[in-house]
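Hello,

Here is the structure I promised to hand over. Please look through it first; my notes follow.

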Amino acid sequence: MHKQKIMIAGIGGASLGTEICKALILAGSYEVYGCDISSTAYGMYDSAFMATYKINKNQYIESIVDVCKSAGVRWLVPGGERPMTLLGGVKERLYAEGITLIANSSETVALCSDKEATFQHLKDAGISAPKTCLIDSVSDLQRVGLPCIVKPSTGSGGSVSVFFAGSSDEAMIYAEYIRRNGGVPIAQEYVDIQEGEFTVGVLSYPDGSIASSIAMQRSLGAKLSVAYSGRGAIISSGYSQGYIDYFPDLCAQAERIASSVGSVGPLNVQGRLRNGVFLPFEINPRFSASTYLRALAGFNEIDLYLQHIQTGKRVDSVTIQPGWYLRSLTEQFVAGDQLK
């Protein structure tokens, strides 16, 4: 069988890029290539890739176009936040080179990259979400209450610079820390973990219609999945694992969010339940690092999306294998003279 060639840009260890590679290999219909700006990116030496390439970070776009052409690749998938932003900005230029970027629209990426704007958008659309506001002064904290989460408004994914604040003084210290590092701080209402935290993948077609969705109730009992724990609060890390099932009501709420932000591709929503209502606190307009776990469960979102844009095929239904989907880190040795 002729296999489709696809390039993943950004293939660091335990990353979105390497998880996408696993999902594509599982589908059995793809020849997967990878590239990265770092010689020490784990994926550069992962035998799952047909070949990997070191990218010149000073000529990032030109270098990626060159390696795609060299490998005869037509499809290009961002394997992380930065590649998504950089490549999304030149989508038309890539297309002119014969390379199709597999990503959400630049409008949806721009909206979701600004958390303050995203949550204001959800509020205006009548979608339940944690109270969220910019922090300019202590009085702003009254709008969300305490305790709260303090984090940067821009950027997405993981739990970098995400803090739990139990008092106004603490919140203002974290806000100043984010500000001094070039960010714009926001405060967000803290939703407790009592009814569970979920990560939901919603796949939309290029016309905006929903293909399907899948939800995982996150297990936060392992250190790998926890960024912070203390004072009765817990903040999850970017490493999701847990129980996948149909969760139809939850998926319906996440699909409404995807439609509201104009998603036309992959979208990941993280949130917690309160009184049965899904309250999103993170929305990422891309494939998730849970992509491979979802593929194991029967929902291979990147394969479904690629099939659709190539053949127009639509998902009739997805059969999920309910159960626990767990993950860990892997290691490998690379001799000094083999570094790319």
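V150 stands opposite F163 in β8. This is a predicted model, in which local features need pLDDT of at least 70, side-chain atom pairs count only at pLDDT 80 or more, and totals for chains, interfaces and linings use all residues. Residues are numbered from 1 along each chain as its sequence is written, and side-chain values use heavy atoms, with hydrogens and water left out.

Helices (H or I, at least four residues) and strands (E, at least two) are DSSP runs, numbered from the N terminus. Two strands pair if DSSP finds at least two bridges between them.

β7 (residues 148–152) pairs with β8 in the antiparallel sense, over three bridges. Both belong to an open sheet of four strands, ordered β6-β9-β7-β8, with antiparallel pairing. β6 (132–134) and β8 (163–165) are the edges; each has a single partner strand, so one side of each lacks a neighbour in the sheet. On average, neighbouring strands here are turned by 30° against each other, direction ignored.

Two helices go with this sheet. α6 (residues 115–124) lies across β6, β7 and β9 (185–189), running at about 40° to β9. α7 (residues 168–180) packs on the sheet and touches β7, β8 and β9; its direction makes about 150° with that of β8. For these angles, axes are lines fitted to C-alpha atoms, for helices over the stretch in contact, and values run from 0 to 180 degrees between N-to-C directions. Contact means heavy atoms within 4.5 Å.

S168 lies in α7. Its relative accessibility is 24%, so S168 counts as partly exposed (buried is under 20% relative accessible area, exposed over 50%, partly exposed in between; 1.4 Å probe, protein chains only). Beyond its neighbours within four places in sequence, S168 contacts V138, L141 and L146. Of these, L141 is 27 residues away in sequence and 7.1 Å away in space, C-alpha to C-alpha.

**Helix α8**

α8 (residues 248–260) has 13 residues, which at 1.5 Å a residue should span 18 Å; the end C-alpha atoms are 18 Å apart, in agreement. The expected span is 1.5 Å times one less than the number of residues.

Which residues of α8 are buried? They are L250, C251, A254, I257 and A258. Just after the helix, G262 takes a positive phi of about 75°.

**Strand β14**

β14 (residues 242–245) pairs with β11 in the antiparallel sense, over four bridges. Here Y243 is the bridge partner of Q217. Three bridges also join β14 to β17 (residues 323–325), again antiparallel. There, I244 has G323 as its bridge partner.

**Cysteines**

There are zero disulfides in the structure (a disulfide is a pair of cysteine sulfur atoms within 2.5 Å). C21 is in none; the nearest cysteine sulfur, in C35, is 12 Å away. C21 is buried, at 1% relative accessibility. C148 is buried too, with a relative accessible area of 0%. Its sulfur is 8.3 Å from the closest cysteine sulfur, that of C133, which is too far for a bond.

Best regards
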